[in-house]
Amino acid sequence: MRLTSYALTRARDEIFGLLEAQGPLLPYTAIADVEDRTDADHEPERPNSRARLAIRDVEDRADADLTVPVFAAAKAHGGNAVALAEKIAGSLDLAGTRFASVSAVKGYLNFKLDQTKFCSEVIHDFSRDPKRYGSCIRGEGQTIVIDYSSPNIAKPFSVGHLRSTIIGQALHNILSYLGYRVVGDNHLGDWGTQFGKLLCAFARWGSEDELKRNPTAHLLGLYVRFHEEAKVDASLELAARDWFRRLETGDEQTRSLWQRFVKSSTTEFGRIYDLLGVKFDSMRGESAYEDRLAGVIDRALASGAARREKPGAAMGTGGDEVGPNETVVIIPLDDKGIDTPLILQKSDGTSLYATREIATAEYRIERWHPEKMLYVVGKEQELYFRQFSAALAKLGIPVPCIHVTFGLVRLPEGRMSTREGRVVFLEDVISEAIRRAEAVVQDRDLSSEEKARISRIVGIGAIKYADLSQNRIKEVVFDWDRMLALDGDSAPYLQYAYTRTRSILRKSEVQSPKSKVPSPSSFALPEEIALLKSIARFPDAVVAAAEAYEPHRIAGRIYRLARDFSSFYDKAPVLKAETPELRDARLYLVEMTGRVLATGLALLGIEVTDRM
RNA sequence: GCGCCUGUAGCUCAGAUGGACAGAGCAUCGGAUUUCUAAUCCGAUGGUCGGGGGUUCGAAUCCCUCCAGGCGCGCCA
């Protein structure tokens, strides 16, 4: 595979080569000897051994840029690591390499890069294609479908929907940057029993006027009321099921009412997506797969993957609504180590989420032929996705489905609950974020349009970054101040660093037309070198984020970059550098920093602005 | 009851494939602006990495166990 390579990767390769040339007494061989014994594979040895040879990037250490611990090798030879490291360090010839020195320290081989060569490499990597620095072609020729956002449109868009939406969008951006063809599919929840509830509630308590005037609030009110009344009137649940049955069997009046619910919600969601800058390549409701459902069930039964059986437990609340002849269709999964079967058809003949999800997967495969499908869906559905994956396998659908999970957003007082009206609306959060950003930008010497634009970019950036900068697996307790922080480790901090780069470059253009590729030997300050190293580490972060489906790896990397830049900014005058050469060199550094910050933020779906 | 996830500084979090003294932000305290935007920078205080065992030359990271919190467990999505 042709991979775009970057300075640090090449440096690791060179260390590997140096050690390999030393002969058999070396770490990589030793590690391979020790660990390959259990492996039956006879794959090419080099990549294998190489993967096991830890060549680590070292941060914040004066005596090393890259290090190789030789403990495992020493052990394999019955020797001692300190002595082995010294022996190797003494016999390595670094002439002509990109390393200035190697030293043995307590069992580690510490390599120092030749600063000038390293700077020159990083600059070269960057100047090759400044706008695409950090990209590569590892995904070329492969398609990935990402299912993200996928809100339930019977309910208002709450902060709970935010995570799937922005994590999914970030993954879309990141994977695209690595050359994959990515299809973002918003699988709108516009079908199912919940709509039965809504239709039922509207028939009883709904108002045409309200639906026109304030659709979301009205629907939410009906939804909440339904659940309140259902607590004392058990027949409501059954009525709702019947409404859904009428919907699914094509009752015309029911359909047209449902149509209006859907329309009013999607209009509103569209507005939020615009605000957030979130885009999809495909946006289809669950209802779009309706005509495939019967086929899914038939084929599942025909293949033997599924079977009909008597319902195990009575549905609803009464207990005897299930007629003696009624059956459910299930896919048993005990053979896959999952006790609970997946139900494809209810005893009243209607479909379930899973049925529609299988139909959706089939559609996606037919239409886009993906190598894999990602589902950015909350952790509470983990069991369901294990069932779903296992079911697809039994149905002979070979495309892997990866559940990209994330933790729930909770309120300090507990779980959010639409049906109890305990939700925080995303739109309120966005408004508040923008309001707080406005307060800061208020006394800037900028036009009011400019201030409004900046506030929007900063406020929304803060919301997104608060989420994307932490591990998605952890649950989040919603907190206004935390989500909307404008200082410290936050989007505005990164955006601000970016504006500083723009400001310098803007002013420099008055005096000289553009920054030239500098002579790397100009750099001497530790802050300059630290900044270059920070830039050099960016490409690895993008790959790590893509491999683990974890955008926060990029967030962490560019936050470090912004900090390194801020320190540099404080210590190293650019426009008033001591010599013109130094000025040009620093200008280029500023240019690189700004670009990488903007690129990293863009991958997270966060915009930048020239002034703040 | 069973299964999955989480537990790192007062608070919120980084620490991928085990590696050299566990790092940030916020908060607190003290400094920095005739110089490219102070939404900034520099410094200080602050940690039995939930507890206990184990594996290893080496464990926040792997294994066991206990504790705490969250989520889930056939006709909701």
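Helix α22 (552-571) gives the largest share of the surface near RNA strand B, with eight residues; "near" here means a heavy atom within 4 Å, and helices (H or I, at least four residues) and strands (E, at least two) are DSSP runs numbered from the N terminus. This is a predicted model, where local features need pLDDT of at least 70, side-chain atom pairs count only at pLDDT 80 or more, and totals for chains, interfaces and linings use all residues. Residues are numbered from 1 along each chain as written, chains are lettered from A and ligands numbered from 1 in written order, and side-chain values use heavy atoms, leaving out hydrogens and water.

**Around the RNA**
- Y108, I343, K346, Y496 and S503 come nearest among the 71 residues around RNA strand B.
- Other elements supplying at least two residues each include β4 (108-113) and α19 (491-511).

**Polar contacts (N or O pairs within 3.5 Å)**
- For V574, a polar backbone atom sits 3.1 Å from a base nitrogen of RNA strand B.

**The sheet**
- An open, parallel sheet runs β7-β6-β5-β11-β12, where pairing takes at least two DSSP bridges.
- β7 (282-285) and β12 (401-404) are the edges, each with a single partner strand, so one side of each has no neighbour in the sheet.
- Four bridges join β11 (372-376) to β12, and Y375 stands opposite H403 in β12.

Note on methods
A polar contact is a pair of N or O atoms within 3.5 Å; within protein, one must be able to donate a hydrogen and the other to accept it, and residues adjacent in sequence count only if both atoms are side-chain atoms.
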